[in-house]
Amino acid sequence: MDALPGWLQAGLCGLLAGGALLLGALAGVRFAVPQRLVAAIMAFGSGVLISALSFELMDEAIETGGFGPTAAGFLVGAVVYTGANWLLARRGARHRKRSGGYQRAEHEAQDNTGKANGSGTAIAIGALLDGIPESIVIGLSLLKGGGASLAMVVAVFLSNLPEGLSSASGMKNAGRSPKAIYGIWAGIALASGLASTLGYTVFHRFPPELLAATTAVAAGGVLAMVVDTMIPEAFAQTHDFAGLITVAGFLAAFSLSKMA
């Protein structure tokens with residue numbers, strides 16, 4: 001793959017990582033996967049992502065542009081993601097990663113207070129919001145040369161697999177058709193590839209400080225996403241084992257980053 005242009009490498013790596021959403025959705029629709037298994041995979045993926053953003057993204061950002069731009073970008077990323085996630089939660093995307101009876105059919109998308117609790121559009125936009133920061137950082141990882149970060153691609157793939165599986169299972173239980181479910185996740189997988197390409201091409205010639213801030217913005221968004229959406233689902237099903245499984249995921253990604 002090293003012989004390919006950088007933008008194409010970024011797009012293919014982003015598409016590969018995003019494709020795990022569609023793979024998970026296929027499993028969620030076709031098979032009755034136990035919720036505890038889904039949650040365990042999500043806990044593992046959470047640990048992988050936390051390790052990757054700590055030792056791949058934040059380290060790289062500080063080495064590139066210093067502490068100031070990195071810290072500012074990290075906080076901005078968390079604030080932007082949290083605000084967008086709050087708005088989407090009010091429109092029905094709060095339980096987009098849940099596989100149980102949390103999602104509602106489209107005609108039941110409002111509760112008795114008028115608050116949205118299962119809008120398919122909001123769920124799709126929420127999933128896109130989760131995937132964009134992850135995909136951008138894959139593209140950014142190519143800017144340091146030597147190809148995309150293997151640890152980051154693996155981390156995003158492992159986090160996307162249970163997300164697609166859990167969300168698709170919840171959508172299926174809410175009465176959404178397989179065609180609609182596959183269409184949503186295939187579109188988001190393609191958008192992930194595009195976001196990764198943009199992450200490489202848009203910032204290719206930007207100054208180090210801006211590149212560091214952008215990397216940190218993505219890292220802040222990813223960390224906020226993990227805490228807001230992945231860990232709650234993992235803990236809801238695995239309970240006392242969630243921490244141990246998350247630690248195992250962290251160690252796996254840490255080992256991978258040091259051996260790469």
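**Notebook: helix packing in a predicted model**

I started at Ala 40, which I found in helix H2. The model is a predicted one, so I read every value here as computed. I looked up what Ala 40 touches beyond four places in sequence, and the contacts are Thr 238 and Ile 245. Ala 40 and Ile 245 lie 205 residues apart in sequence, yet their C-alpha atoms are 6.7 Å apart in space.

**Overall make-up**

I then looked at the chain as a whole. Its secondary structure comes to eight helices and zero strands. Read from the N terminus, the order of elements is α-α-α-α-α-α-α-α. The chain has 260 residues, and 49% of them are buried. I also checked contacts with a separation of 6 or more: residues 24 or more positions apart account for 84% of them.

**H2 and H7**

I went back to H2 and followed its packing on H7. The angle between H2 and H7 is about 165°, and their axes are 8 Å apart. That angle makes H2 roughly antiparallel to H7, since the cut-off for this label is over 145 degrees. I noted the crossing of H2 past H7 as left-handed. Sorted by class, the contact of H2 with H7 holds 22 nonpolar, eight polar and three charged residues.

Ile 62 is another residue of helix H2 that I looked up.

**A residue in H3**

Next I picked Asn 85, which sits in helix H3, residues 67–90. Asn 85 has 10% relative accessibility and therefore counts as buried, the cut-off being under 20%. I checked Asn 85 against Ala 224 as well: they are 139 residues apart in sequence and 9.5 Å apart from C-alpha to C-alpha.

**H1 and H5**

I turned to H1 and H5. They pack at an angle of about 30°, with 6 Å between their axes. H1 is therefore roughly parallel to H5, as angles under 35 degrees get that label. H1 passes H5 in a right-handed crossing. On the H1 side of the contact I noted residues including Cys 13, Leu 16, Ala 17, Gly 18, Gly 24 and Gly 28. On the H5 side I noted, among them, Val 153, Phe 157, Asn 160, Gly 164, Ala 168 and Lys 172. By class, this contact of H1 with H5 has 15 nonpolar, six polar and two charged residues.

**H5 and H6**

I stayed with H5 and looked at its packing on H6. H5 spans residues 150–173 and H6 spans residues 178–201. They pack at an angle of about 150°, with axes 10 Å apart. That makes H5 roughly antiparallel to H6. The crossing of H5 past H6 is right-handed. H5 makes the contact through Glu 163, Gly 164, Ser 167, Ala 168, Met 171 and Lys 172, and H6 through Ile 181, Ile 184 and Trp 185. Five nonpolar, two polar and two charged residues make up the contact of H5 with H6.

**Nonpolar cores**

Last, I looked up the nonpolar cores. Which members of the largest core touch the most other members? I found Leu 49, Ile 138 and Met 152, out of 25 residues in that core. At least two residues of this core come from each of H1 (6–30), H2 (35–65), H4 (120–141), H5 and H7 (208–238). H7 supplies the largest share, eight residues. I also noted a second, separate core of nine residues, with Ala 25, Met 171, Ile 181 and Ile 188 among them.

Terms used. Residues are numbered from 1 along each chain as its sequence is written. This is a predicted model: local features need pLDDT of at least 70, side-chain atom pairs count only at pLDDT 80 or more; totals for chains, interfaces and linings use all residues. Side-chain values use heavy atoms; hydrogens and water are left out. Axes are lines fitted to C-alpha atoms, for helices over the stretch in contact, and angles run from 0 to 180 degrees between N-to-C directions. Helices (H or I, at least four residues) and strands (E, at least two) are DSSP runs, numbered from the N terminus. Angles under 35 degrees count as roughly parallel, over 145 as roughly antiparallel, 65 to 115 as roughly perpendicular and the rest as oblique. A crossing is left-handed if the near helix is turned anticlockwise from the far one by less than a right angle, and right-handed if clockwise. Contact means heavy atoms within 4.5 Å. Ala, Val, Leu, Ile, Met, Phe, Trp, Tyr, Cys and Pro count as nonpolar, Asp, Glu, Lys and Arg as charged, and the others, Gly among them, as polar. A nonpolar core is a set of buried Ala, Val, Leu, Ile, Met, Phe, Trp, Tyr and Cys residues joined through side-chain atoms within 4.5 Å. Buried means under 20% relative accessible area, exposed over 50%, partly exposed in between (1.4 Å probe, protein chains only).
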